[in-house]
Amino acid sequence: LLLLLEATLLQLASGSYHPFYNGFYYNHIMNDMGNGQDKDYFNGARLVVETSKDPVYSYSGANVTLPCHYRYEPDLGDKRKIRIKWSKIRDDYTKEQDVVVAIGKTNVAFGDFKGRAHIHRASQHEASLVISDVHLKDDGKYRCEVIDGLEDESDVVDLRLQGIVFPYQPPRGQYRLNFHEAEQVCQDQGAILANFNQLFQAWSEGLDWCNAGWLADGTVQYPIRLPRKPCGGVHLAPGIRSYGPRHRHLHRFDAFCFSSALRGEVFYLDRLAGMTLEEAKQSCQDAGAEIARVGHLYSAWKFLGLDRCSAGWLADGSVRYPIVKPRPNCGPSEPGVRSFGFPSKGRFGVFCYKER
């Protein structure tokens with residue numbers, strides 16, 4: 001041991017000792033200015049990144065720009081080679097989803113954003129994100145990150161889709177869906193699982209529903225406007241009741257789905273004797289359309305003012321009708337989408353959906 005210690009000390013004294021390499025170089029750090037000259041990076045300038053403080057609103061199928069600009073304090077004047085990265089913050093705050101990265105004029109988009117996202121740089125210090133053909137799941141928070149050498153600053157902007165939240169139960173009845181089944185039934189209805197912000201917005205607009213349902217982050221919650229005994233008790237204030245995160249495979253609840261404004265129209269067809277479900281599907285096809293999904297009907301009711309006091313088939317086998325102006329013989333005194341459930345027999349009209 002003494003011989004080993006002595007050998008180590010001799011190596012240090014001789015100057016031949018090499019320090020432990022930890023994966024980072026702390027040597028002369030430069031930034032390529034694009035003019036063939038290197039300049040010291042540490043120049044006292046501060047990088048500032050700013051996005052919109054207010055949410056940016058859009059809807060399914062639209063094109064949207066999320067603004068982002070950066071600057072230096074004090075202004076460095078000459079143009080610098082920087083990297084811009086946009087990412088989407090997930091609902092459960094796990095690893096962020098890469099959207100697009102740009103260096104100079106080169107843009108690389110990732111995943112579902114390929115072919116739909118690019119950086120817009122109309123001015124020298126602009127780093128805005130353009131998303132075309134907005135999808136329902138694009139709703140959420142986005143991070144604009146600007147990287148200049150070791151300097152890395154970012155800001156967050158909120159993209160909100162104009163839409164509607166509706167509770168959904170499958171034909172089998174209440175509390176039959178695990179998380180993954182809830183995701184699928186919402187998708188089948190032209191929708192996605194709602195996130196908390198969307199459910200909260202729906203609650204603030206009047207949604208009151210006593211059955212608990214899955215949200216996109218894996219939590220189970222439900223909105224109550226009028227406190228009552230079966231819905232958490234009469235002594236609790238109105239609000240969003242939460243069961244917290246649940247087991248995504250084992251636990252079963254309903255679903256809260258979110259659908260945005262439509263790119264097409266919903267219209268009603270009928271026959272004197274009504275139609276079976278299969279006849280209804282065929283009638284929509286004959287009209288150059290498809291049988292409407294539940295999300296289509298809710299969106300048409302909210303955004304297009306669809307009001308029809310006649311029950312019609314939908315794609316999931318349910319029978320519903322939308323009421324904007326309540327009146328006698330058309331259900332309750334509040335506006336809404338009425339449901340007859342999933343009748344195994346019966347003849348009704350049909351709601352069809354056709355994209356523009």
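Reader: What pattern do the disulfides of the protein follow, with bonded cysteines counted along the chain?

Author: The pattern is 1-2, 3-6, 4-5, 7-10, 8-9, and the structure holds five disulfides. This is a predicted model, in which local features need pLDDT of at least 70, side-chain atom pairs count only at pLDDT 80 or more, and totals for chains, interfaces and linings use all residues. Residues are numbered from 1 along each chain as its sequence is written, and side-chain values use heavy atoms, with hydrogens and water left out.

Reader: Why are Cys284 and Cys352 called a disulfide?

Author: Their sulfur atoms are 2.0 Å apart, and a disulfide is a pair of cysteine sulfur atoms within 2.5 Å, so the pair qualifies. The torsion about the S-S bond is about -80°, which makes this disulfide left-handed. Cys284 belongs to helix α4 and Cys352 to strand β25, 68 residues apart; helices (H or I, at least four residues) and strands (E, at least two) are DSSP runs, numbered from the N terminus.

Reader: Is Cys284 buried or exposed, and how do you know?

Author: Buried means under 20% relative accessible area, exposed over 50%, and partly exposed in between (1.4 Å probe, protein chains only). Cys284 has 0% relative accessibility and therefore counts as buried.

Reader: What puts Ala280, Ser283 and Cys284 on one side of α4?

Author: These three residues are buried in α4 (residues 277-286). They cover an arc of only 100° around the axis, so they lie on the same side of α4; the arc is that of the directions from the helix axis to the C-beta atoms. The face turned away from this buried side carries the exposed residues Glu278, Gln285 and Asp286.

Reader: Why is the pair of Arg320 and Ser318 called a polar contact?

Author: The contact between their side chains is 2.9 Å. A polar contact is a pair of N or O atoms within 3.5 Å; within protein, one must be able to donate a hydrogen and the other to accept it, and residues adjacent in sequence count only if both atoms are side-chain atoms. The value therefore falls within the cut-off. Arg320 is in strand β23 (residues 319-323) and, at 7% relative accessibility, counts as buried.
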